[in-house]
Amino acid sequence: MYPYYPNYRYHPQHHYSATPSVHPDYDYNNGYPPYPYDRQQSIRGQATWTDGGQVTKCEIPWSDDEFMTAAVGDTSPYQCGDTLKIRNVSAPVGREIIVKVVDQVEGYPPNRINLHRRAFQALGVSPNVGVINIEIIPSPELELEKWGKCLLGVTQTAYPEYDITDYRSSGKSILSSTQTKETYEFILQSPQETIRVQGNVIYNPNTDRIISFDIKELY
């Protein structure tokens, strides 16, 4: 059940679920596809928000990645530690964020996601709204490239006042038999500006250890 934490034993009595900001009269499934869902395909659905909890079923804190975190339903195709892109299809249309799955909500349908309050606000809406229409976009490229995911975390830590809205791999080169370099670009958004940040990581492919990494702003 918990592929990212094979030695972790989940004890239900030790878990305190984060309560979603649910609107009881809202039709969550109206106009959206039926079950089942494919984890590699985008899903149209809804997002609610939470302030998180002290313990999560994924054993990943809500504060991870500068609170760009979320919970999914216990029947969701997405798993603990997955990286997802969330696009706001309500106003302001097109605003996007990248979040990490850190918890599960019992009974939540697969087309609904419970975002941390900060992630919800990063989509350009007030928590008073409660529920918004969104598109959940899996990020298999980043999931397959662990060094890109590593640089994502470094960039989020280095720019805590910015939200990462997009990323792409921009190159991989073999420097020697013991050194490989990978480069990624990230788009960061704040209320005042949008910036691009480039991250580089050099690692030993034989030992899978980092030799060096750096990030810099692109102009």
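Two residues are said to be in contact, or to touch, when heavy atoms of the two lie within 4.5 Å of each other. In that sense Arg-117 touches Trp-49, Thr-50, Asp-51 and Pro-127, leaving out residues up to four places away in sequence. The model is a predicted one, in which local features need a pLDDT of at least 70 and side-chain atom pairs count only at pLDDT 80 or more, while totals for chains, interfaces and linings use all residues. Residues are numbered from 1 along each chain as its sequence is written, and side-chain values use heavy atoms, with hydrogens and water left out.

**Overall make-up**

- The protein chain has 3 helices and 10 strands, where helices (H or I, at least four residues) and strands (E, at least two) are DSSP runs numbered from the N terminus.
- Of the 219 residues of the protein chain, 47% count as buried; buried stands for under 20% relative accessible area, exposed for over 50%, and partly exposed for what lies in between, using a 1.4 Å probe and protein chains only.
- Among contacts between residues at least 6 apart in sequence, 67% join residues that are at least 24 apart.

**The barrel**

- A closed barrel of 6 strands runs in the order β1-β5-β2-β4-β3-β6, and its pairing is mixed; two strands pair if DSSP finds at least two bridges between them.
- Neighbouring strands of this sheet are turned by 45° against each other on average, with direction ignored, the axes being lines fitted to C-alpha atoms (for helices over the stretch in contact) and the angles running from 0 to 180 degrees between N-to-C directions.

**Nonpolar cores**

- The largest nonpolar core has 22 residues, and those with the most contacts inside it are Ile-86, Ile-113 and Leu-115; such a core is a set of buried Ala, Val, Leu, Ile, Met, Phe, Trp, Tyr and Cys residues joined through side-chain atoms within 4.5 Å.
- At least two residues of this core come from each of β1 (43–50), β2 (69–73), β3 (83–88), β4 (96–105), β5 (112–116), α1 (117–122) and β6 (132–138).
- Apart from this core lies another one, of 15 residues, which includes Leu-151, Leu-152, Ile-195 and Val-197.
- Beyond residues up to four places away in sequence, Ile-86 touches a list of residues that includes Ile-97, Val-99, Ile-113, Leu-115, Ile-134 and Ile-136.

- Arg-117, which lies in helix α1, counts as partly exposed because its relative accessibility is 28%.
- From C-alpha to C-alpha, Arg-117 and Gly-52 are 8.2 Å apart in space, although 65 residues separate them in sequence.
- Gln-156 is found in helix α3 and is buried, because its relative accessible area is 5%.
- Leaving aside neighbours within four places in sequence, Gln-156 is in contact with Asp-65, Glu-66, Met-68, Ile-98 and Ile-164.

- Strand β7 (residues 163–176) and strand β8 (residues 179–189) run antiparallel and are joined by 11 bridges, and a hairpin connects β7 to β8 through 2 residues.
- Gly-171 has Thr-183 in β8 as its bridge partner.
- Strands β8 and β9 also run antiparallel, with 10 bridges between them, and here the hairpin passes through 4 residues.
- Thr-180 has Tyr-203 in β9 as its bridge partner.

**Aromatic rings**

- The structure holds 2 aromatic pairs; rings of Phe, Tyr and Trp (its six-membered ring) pair if their centres lie within 6.5 Å, and planes under 30 degrees apart count as stacked, over 60 as edge-to-face and the rest as tilted.
- Trp-147 and Tyr-203 form a stacked pair, at 4.7 Å centre to centre and with 25° between the planes.
- Trp-147 lies in helix α3 (residues 146–158) and Tyr-203 in strand β9 (residues 194–204), so this pair ties together parts that are 56 residues apart in sequence.
- Trp-147 counts as buried at 10% relative accessibility, and Tyr-203 is buried with a relative accessible area of 6%.
- Tyr-159 and Tyr-162 form an edge-to-face pair, at 5.7 Å centre to centre and with 90° between the planes.
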